[in-house]
Amino acid sequence: MGALEFRFRVLFCLALLVVVKAEVYIVTIEGEPIVSYKGGVNGFEATAVESDEKIDTTSDLVTSYGRHLEMKHDMLLGLLFEHGTYEKLYSYRHLINGFSVHVSPEQAETLRRAPGVKSVERDWKVRRLTTHTPQFLGLPTGVWPTGGGFDRAGEDIVIGFVDSGIYPHHPSFAAHHTDPYGPVLKYRGKCEIDPDTKKNFCNGKIIGAQHFAKAAKAAGAFNPSIDFASPLDGDGHGSHTAAIAAGNNGIPVRMHGHEFGKASGMAPRARIAVYKALYRLFGGFIADVVAAIDQAVYDGVDILSLSVGPNSPPATTKTTFLNPFDATLLAAVKAGVFVAQAAGNGGPFPKTLVSYSPWITSVAAAVDDRRYKNHLTLGNGKILTGMGLSPSTHLNGTFTLVAANDVLLDSSVMKYSPSDCQRPEVLNKKLIEGNILLCGYSFNFAVGTASMKKVSETAKTLGAAGFVLAVENVSPGMKFDPVPVGIPGILITDVSKSQNPVYDPNVSLNIALDLIDYYNISTSRDWTGRVKSFKGEGKIGDGLMPILHKSAPQVAIYSARGPNIKDFGFQDADLLKPDILAPGSLIWAAWSPNGTDEPNYAGEGFAMISGTSMAAPHIAGIAALVKQKHPTWSPAAIKSALMTTTATMDRGGRPIQAQQYSETEALKLVTATPFDYGSGHVNPRAALDPGLIFDAGYEDYLGFLCTTPGIDAHEIKNYTNSPCNYSLGHPSNLNTPSITISHLVKTKTVTRTVTNVAEEETYVIKTRMAPAVAIEANPPAMTLRPGASRKFTVTLTVRSVTGTYSFGEVLMKGSRGHVTPDLASQIAILTAEAAKEREQAAKDREQAAKDREQLEKLQAENADLLVRMETLSSQNMTDPPPPPSRFRVPISPMQSLGSLTPNSSIGGSSQMDPPALVRNQQTPTIVTNTPNSSINAGGQVTLTTPEAQTISDNGQTAQGVNLPSSGDGRQPTTLEQQRMLPNHHEGKTSTVIAITAARATQLPI
């Protein structure tokens, strides 16, 4: 282990300390972009659009003004710097006025001081935050028929995907399986040519395909041999998300000779426009992502699907709502584009969202009703539960169990970690053939150099009857998904901490330990530890068929949680996030054969993966269906229709549950709150007929910004080119289908405006609220004609100070059957003493951020020396360091079968120490250069800043916070920071409103 630990120490130091002198900066300058230019420049007429209107990209006015802006960008740079000392990457003209440029920090400072420059921000990274879900959501019977059937669902709606590209040859994106596609006149995006095949990426279904990598190249992160300088998906993620939203209907999902069902997108007739800005090893850069969004809106997309988010709240701006990324999306919404974004995968901890702004629909991830289970039956009759999408061993037979470490060809192969069964050439085929091969989960799985797919291939090559991959101890935050394999196989873990296990004397509750003990007892050895005979037996069950559960949907463990934050100090915002819950776990969809993001699906055409990255395209596709039926609706109206028709009850008629960690760090279920699921779980059928909507436009969002405390009006104008002439009085008055008040003192009245999008109807308003807060709605009833709007107020009064959030509802029941909205309202109340403590903690958090910046500066100044030292050290390594991790589960200690004390195989010559199967507590060491922090072998980052405090679920203060690293828009990772729903009011709607109150100060998490 010493050498392995040393390699990773070097790898991490290099990753943290290697810097380049020049960096990418995003610059905004004076002057309005195309979307908001109202005239005033000689020779250029106005190009501004009204709120929710598309840019007329065919207009000569738009083209000429866009050229004018780009010339200004070039002129500014030419005046300030000598030619060859900088590289302009992009000109942003449509949604924001500015550019990205590769310059030195000194040049960036020159830009900051230049006349006409409004902001200069260093670029930052972003990360990549189905056969069954259409049926689960009721699309085939309740939604698609209303639009002419699946072959017309989403017709002529263009969904833009800012992701890792697309594999255009996949049947999910084929044009020949359906009626011919005609042109979409409103869309004018281009299609790049594959530099290798010289073929066009577009085919009628795919109508746009472009890639953006200038910032990645300038940063030295882009590798054309694996990242592909084209829209081709080298990761798999982009193809997967595109297929979820708009993939063709009825595509057979076949792997290893088994069909798992037929795949379909939510809107199978919608068109796909690809804007590749994410890459498989490093994620992406905001400069590239902003350029992709800017181009997508200019090209004329209707919907934007973003399974991407920042690694943390933007530190360069005072608020989470104002930065180049969110400002660009605000302009996109002004241009009439609906935006769905993954909420993030930092759950189940509070304040882990990476999608903040009210103009964005932030999507949380749900576990649907489908589960995959399997079992291993031992010779002693014990049944070990596990998972594995595999066929069973021969029904009437049992098979001998042999551990990989006991069947080595030579003891010298121990340096390859043979117990993880990744190298068939180091194992004795004669001893494995016809038996079940036992393999151990090693550190290699955590870093992505080992996979269950490879275990299966090894077992098949050696003629095994099947295999078992065992993980003895599961570290907090670890999550294992079932993997389809071609031979009998199962993954088993230590589930001694499982929630509420049902007692059965034949079912083991301590799976991996029972397997090890049984194997050791039944395997006889000589005094050296060499095996004399294998006597253990077992058989593997059939894991191919899913089990459907009524306790669905549930909020997935990894799905990011609220409350929402408004700044880098993690102060609570007066805005509910996430907005909505959608399926995101174990989602089957298209995959790119080039993709290496998931080692278990390398070379495959489909993959079943999890994350909020999978939830967001569900909402994007469903939004396309709403847009198809209501083409004139604004993005806010579509968002309202989705939110006001959600379900907060599961299929069993109980409140939706959320996966959470218990005090023993085992998985448990708790009653979910709007901080887990927003308004509730999406109900597509009801969303098509919401009855009432809460509409909002660009001016309303400006009012929200101008009313939010702590946001400087000058900063707002820098990003929006608009003065603060409009105030809402309080941010909670933004007309959204939720109410959030983070600091309720005495009494607060908020106002909402609803618009009737159905026939004339009378609504009776009822309220429910937790005892700590009194709630009253006025008027108690109102009648609205078609198209009419009406205001109502909700008054909240503090009854008692609890120190925690309170939740409630406002229910509007219509005379024609609509129930809009079911307003679940969050309220939080803290005493003045608690407020002071939280204010001090916020200040401490800001100081800690400054300290980190100073540390980074010191590291940068000494980078060259440190790199030379590490490089010199690395020359002593016998093996090159493994590649960066992309494995989706947190690092597990190397234990039991994965980290056994070496022993001789039968017939071997080694004299290594016995016994073979002993439990080993060795853990690989990862070294960080961050003060007061560490990363343990469970993939946890432990922050121990003395000043940091957090309020736990029970309201107590705790020192030090353990946060699992979270990943790419799916579920937690290690190194990268990881049916028709029951309609209880058939044909009605139910809207969740969050009312959060008296959150006087905020603590960092």
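These questions and answers cover some backbone features of a predicted model.

Q: Why is Asp156 called partly exposed?
A: Asp156 has a relative accessible area of 34%. Buried means under 20%, and exposed means over 50%. The value for Asp156 lies in between, so Asp156 is partly exposed.

Q: What makes the phi of Asp156 worth a remark?
A: Phi of Asp156 is positive, about 65 degrees, and Asp156 is not a glycine. Most residues other than glycine have a negative phi.

Q: Where does Asp156 sit?
A: Asp156 is in the loop between α5 (139-142) and β6 (158-163).

Q: What is the phi of Cys421, and where is the residue?
A: Phi of Cys421 is near 60 degrees, a positive value, and Cys421 is not a glycine. Cys421 belongs to the loop between β19 (399-403) and α11 (429-432).

Q: Which kind of peptide bond joins Gly347 and Pro348, and what is its omega?
A: The bond is cis, with omega about 5 degrees. Most peptide bonds are trans. Pro348 lies in the loop between β14 (338-342) and β15 (361-367).

Q: Which kind of peptide bond joins Lys577 and Pro578, and where is Pro578?
A: A cis bond joins Lys577 and Pro578, with omega about -5 degrees. Pro578 is placed in the loop between β27 (554-555) and β28 (580-583).

Terms used: Residues are numbered from 1 along each chain as its sequence is written. This is a predicted model: local features need pLDDT of at least 70, side-chain atom pairs count only at pLDDT 80 or more; totals for chains, interfaces and linings use all residues. Side-chain values use heavy atoms; hydrogens and water are left out. Helices (H or I, at least four residues) and strands (E, at least two) are DSSP runs, numbered from the N terminus. Buried means under 20% relative accessible area, exposed over 50%, partly exposed in between (1.4 Å probe, protein chains only).
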